[in-house]
Amino acid sequence: MQPEALFGMALGITPPWEVTEVNFSKESNRLDITIDFQRGATFPCPVCGALAPAHDTTEKTWRHLNFFQYEAYLHARVPRVNCPNAGCGVKQIQVPWARAGSGFTLLFEALVMTMARDMPVNVMARLFSVTDTRLWRVINAYVEMARAKEDYSDVKRIGIDETSIKKGHNYVTFFFDLDNRKLLFGTEGKDNETVIEFVTDLLKHGGDPKQITDAAIDMSKAFIKGVKEQLPNAVTTFDKFHLIKLMNEAMGTIRAEEARKFPEFLRKTRYLFLKNPEKLTPEEHARLDTMVANQCHKSVEAYTHKLNLQNVYFAENRQEAETLLKKWHKKASKSSIGLIQKMARSVKEHWDGILGYFDSKLTTGFLEGINSLIQAAKARARGYRNPRNMISIAYLIAGKLKFNKLYAQPA
Ligand SMILES: [Zn+2]
C-alpha cells in the first residue's frame, strides 16, 4: 500500500476518489493533499441523481484540519457532469468532503462549529490563520441550515427579552420558547416590528401565532403593542423581576438624592437598601433606625414600598395578590415622593399583566441566565461587529439546534 492510500483512509476518501499525492513542506509549514478521481468514473447529477461521466473540471482547494503544526489543504479537480436527462444541463458535482461553495472541508467546519460555542471567533481565526469573516460565513451558514429544519408547531408560551450589542446601543431582541427553554428567534432592534418578524419566522417553521397563549415580557410599550397586535390569543405577563428591578431603580434614585442632603446617615448604604430586612446585620438595622430618627424619611419610605411590592409575589393566588397590590397601590399613590407616585401609576397601567403572573407563573428569570451566557460570549469577543454574528452565537448557545441531520447523505 502506498502511503498516499493511508491518507485516503484517514480522510475517509472512497472511490472513485483517491489520494494521489501528499506533499509536506517544512519551509511553508504546509501539508498539501491532492485527491483525484479514477479514469472513467461517473458521478450523480446534483439535480436528478442520474450517473454521468465528467464533462470538464475545475481546480479547487479546501482548508482542512491542521496536521500537528502543519496547515493542511486538500486539492482536487472537481468535475461538471453533462446530465443525460434533458433539463438538468451541465452541473458541478458535490464532493463528499466539503459543502458546496465552501473553501473548508466538512471536518474543519465541524471543528469550527464545536469551538464557536466557547471560543471567540477572532481567537479561532488567529489560531487557524484565516480571516474571521470566513469563519463567520461558516457559522452563519450552519446555523441557518440547522434552523431551517426547526419545527415550532408546538410553541405556546414565549418570553421576549432585549439586549444591547454594544453598551447602550444597537439592540437585539430575542424570542424564547418558555416550555422548551430555548431561543426561537433573534432579530435587530427592540421595537414592535420585532414581533412581526418573529411571527413571520414562526409561520416559516410550522408555528401558529394564534396558538401562542402566553407572552412574558418586560413593561416596554413596544413589546406590549407588538404582542397585542400580532399574538391575538396571548395573555401578557409582566416579568416580576423586571418590576422589582424598576422599583429598585426608583428607590436607588430616591436614596442617592437624599444622601446628598444627609451624607452622614446615607453614605454607602446602597447595598443595605437592596437587602431584605431578614438579611440585614444588627449594625445595618441600627443604621436604619438612625435614618428614621434623623429624617431620612424618603429613603426609608421607598424601602418600605419596595418590600411591600416584593411581598405581593408571596401571595398564594391571584386574589390574594390583587388585595396586596391594591393596598400597595393605595399607599404608593398617596406618597409625597414623585418617583413613588410614578411607580404607582405604572403599576396601575400594567395591572392585569402584573397579576397575570399568578395565573401563568411565567417569568423570564431563566432568560437572564441565557442572556448572561450570551453577554459572556460578547465580552470574550469584545463585542460583535454586527448583530447577525451575535444572533448566530446566541442560537449556538441557546437554540438547542440539531446539527446531526444536516448531511443525510444518499445511500
Ligand atoms: Zn440530472
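The structure holds 20 aromatic pairs, where rings of Phe, Tyr and Trp (its six-membered ring) pair if their centres lie within 6.5 Å; planes under 30 degrees apart count as stacked, over 60 as edge-to-face and the rest as tilted. This is a predicted model, in which local features need pLDDT of at least 70 and side-chain atom pairs pLDDT 80 or more, while totals for chains, interfaces and linings use all residues. Residues are numbered from 1 along each chain as its sequence is written, and side-chain values use heavy atoms, without hydrogens and water.

Take W17 and F37. Their ring centres are 5.6 Å apart and their planes at 85°, so this pair is edge-to-face. W17 lies in strand β1 (residues 17–25) and F37 in strand β2 (residues 30–37), 20 residues apart; strands are DSSP runs of E, at least two residues, and helices runs of H or I, at least four, numbered from the N terminus. W17 is buried because its relative accessibility is 5%; buried means under 20% relative accessible area, exposed over 50%, partly exposed in between, with a 1.4 Å probe and protein chains only. F37, at 9%, is buried too.

Now F24 and F67. This pair is tilted, with 6.0 Å centre to centre and 55° between the planes. F24 is partly exposed at 47%, and F67 is partly exposed at 32%.
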